[in-house]
Protein chains: 4
Amino acid sequence: MKGKDESQHVDVKLQVRYAETDQMGHAYYANYLVWFEVGRAAYCRARGLTYSKLEEDDNIFLPVVHAGCRYMRPLRYDEEFIVRTRVGELRSRVLTFCYEIMSVDEGTSYAEGETTHVFTDDQVRPRRLPQAYRELLDG
Amino acid sequence: MKGKDESQHVDVKLQVRYAETDQMGHAYYANYLVWFEVGRAAYCRARGLTYSKLEEDDNIFLPVVHAGCRYMRPLRYDEEFIVRTRVGELRSRVLTFCYEIMSVDEGTSYAEGETTHVFTDDQVRPRRLPQAYRELLDG
Amino acid sequence: MKGKDESQHVDVKLQVRYAETDQMGHAYYANYLVWFEVGRAAYCRARGLTYSKLEEDDNIFLPVVHAGCRYMRPLRYDEEFIVRTRVGELRSRVLTFCYEIMSVDEGTSYAEGETTHVFTDDQVRPRRLPQAYRELLDG
Amino acid sequence: MKGKDESQHVDVKLQVRYAETDQMGHAYYANYLVWFEVGRAAYCRARGLTYSKLEEDDNIFLPVVHAGCRYMRPLRYDEEFIVRTRVGELRSRVLTFCYEIMSVDEGTSYAEGETTHVFTDDQVRPRRLPQAYRELLDG
């Protein structure tokens, strides 16, 4: 039986696109937030939830209220990497995801960060996340 | 009195962002299409139309059906440039914009391109552009 | 033995990112050029070439001189799709890639396009592609 | 005579591009980091420094080691806004910029954030910022 720490994260493998490099030869820093988003979408999907379904069927949106990233080592064009995503905190109105960007062999950590989201409807009014979804996300 | 050719274009001045560079040290090629869009939004605005108004008030969308760009000389970080936009063709169902990316002194041409749009509603069903808007766009 | 038509293309599977959507709810049109680039990088890699190696080891760059895309049907968030890339034309100084963006079951075509590249050094001076690489690319 | 607080920031006016929206109809969250970069480039330029000069002439790079953003209110397509940038902390090896994204009339604050940079050469080895530049940046 897996412990909670092992079972909670979801990994997705990506590769640095040419479009994501900058003239320093590194992946441009804003792209890490795009990768975080790919990570949390993968996390939700692995838990049986998709943003599309949340938005269209349930009128639940997850706007970001805070994002942070620490950049440890640069990533270069064509490098493969893993986005490891887990839920940091899940309350009725607030959800925090934590991310680690690491090498495919998991030996090198390139960056880590977190995003905090609130639950709203499409008019950006606060909502509570239905209990069924809380259980799914809490994985 | 200005002739038709002179009066028809709208210029907008932009500057290459670091995010838009790639590891070759040039502005990445997909960004030219973003700049074209900034150019045609400026064109529409100068004619008294905004995408927001078209989309929200009139349920008119302008999805792109074709885009093309010829790249003559690379643009580098921090360089200022002009996006010159004019309407190439305007019919009841189809609209073509033409663009030129040039230096601020207009002496150097970096790229030129065109985008073709159809008029649809938000369900991507074809629509005709109202005559009042045709006259505005035709500048 | 596979015929030339079957063997020549390389497929890569992608998924529309939230960052790639626009307020129309579709994948924004400039992103197709980013996906084309992912496609041609995959094509080159499958032939034993990488941009990194070309740029760093051989001082060969492939700036784009023309790009075009026809958009047939919109792609939406989270949709998976295939970028199918093949070489359209390969001469000593010019290389054209052709792309098709299609559904994973290959039943729907979303877009098709092409990019034309020249071979240069890092000072954007024209170069010829070494014969060994021509044979690799010609697949 | 202006006090230090008033004189220290540099404002740049931008407008939300269609490319920067997402299907929620808001500016996508990673773009704020792009705007921060536009803000700090404007800040440096106003102080007589450009990234291009730093990188090419002095072999000084400013990779980001941390970025954070708090999102207070969504920005929508076509909205104009100000990126207000100031130096938060400037030491021999570390530089922090602070940003505020606000409405053109300065009445609404959309977001605020900060980025922390170290000084390196093009091999990502730590460097000290020359004293002359420190004085320029400290505005």
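1. Setting aside its neighbours within four places in sequence, D:D78 is in contact with B:R45, B:T50 and B:S52 on chain B, and with D:Q15 and D:V16 on its own chain. Please keep in mind, as you go through these points, that this is a predicted model.

2. Where does D:D78 sit in chain D? This residue belongs to the loop that runs between β2 (64-71) and β3 (80-90) of chain D.

3. Next, the relation between two of the chains. Chain C can be laid on chain A by a rotation of 180° with 0.0 Å of shift along the axis, and the RMSD of that superposition is 0.0 Å. Which kind of axis gives this relation? The answer is a two-fold axis. Within chain C, C:L14 has the C-alpha nearest the axis, at 5.1 Å from it. The two copies also use the same surface, as 100% of the contact residues of chain C recur in chain A.

4. How many cavities of 30 Å³ or more does a search of the whole structure find? There are two of them.

5. The largest cavity is worth a look in your viewer. It has 28 lining residues, and those closest to its centre are A:N31, B:N31, C:N31 and D:N31, along with C:A19. Helix α2 (31-46) gives two or more residues to this lining in each of chains A, B, C and D. By residue class, the lining of the largest cavity comprises 16 nonpolar, eight charged and four polar residues.

6. The second largest cavity has a lining drawn from chains A and C: A:A41, A:C44, A:R45, A:L49, A:T50 and A:Y51 on one side of the list, C:Y77 and C:D78 on the other. Which element gives the most to this lining? That is α2(A), with three residues. The lining of the second largest cavity divides into five nonpolar, two charged and one polar.

7. Begin at D:D78 and its contacts, including B:R45 and B:T50. Then go to the lining of the second largest cavity, where C:D78 is listed with A:R45 and A:T50. Finish at the centre of the largest cavity, with A:N31 and B:N31 among the closest residues.

Definitions and conventions
Residues numbered from 1 in each chain as written. Chains lettered and ligands numbered in written order. Predicted model: local features only at pLDDT ≥ 70, side-chain atom pairs only at ≥ 80, totals over all residues. Heavy atoms only, no water. Least-squares fit on C-alpha atoms with pLDDT ≥ 70 in both. Contact = heavy atoms within 4.5 Å. 1 Å grid on protein atoms, 1.4 Å probe; cavity = no way out; pocket = protein on both sides within 12 Å on 5 of 7 lines; lining within 4 Å. Points joined across faces, edges and corners; volume = space filled by probe spheres on them. Helix = DSSP H or I, 4+ residues; strand = E, 2+ residues; numbered from the N terminus. Nonpolar A, V, L, I, M, F, W, Y, C, P; charged D, E, K, R; others polar.
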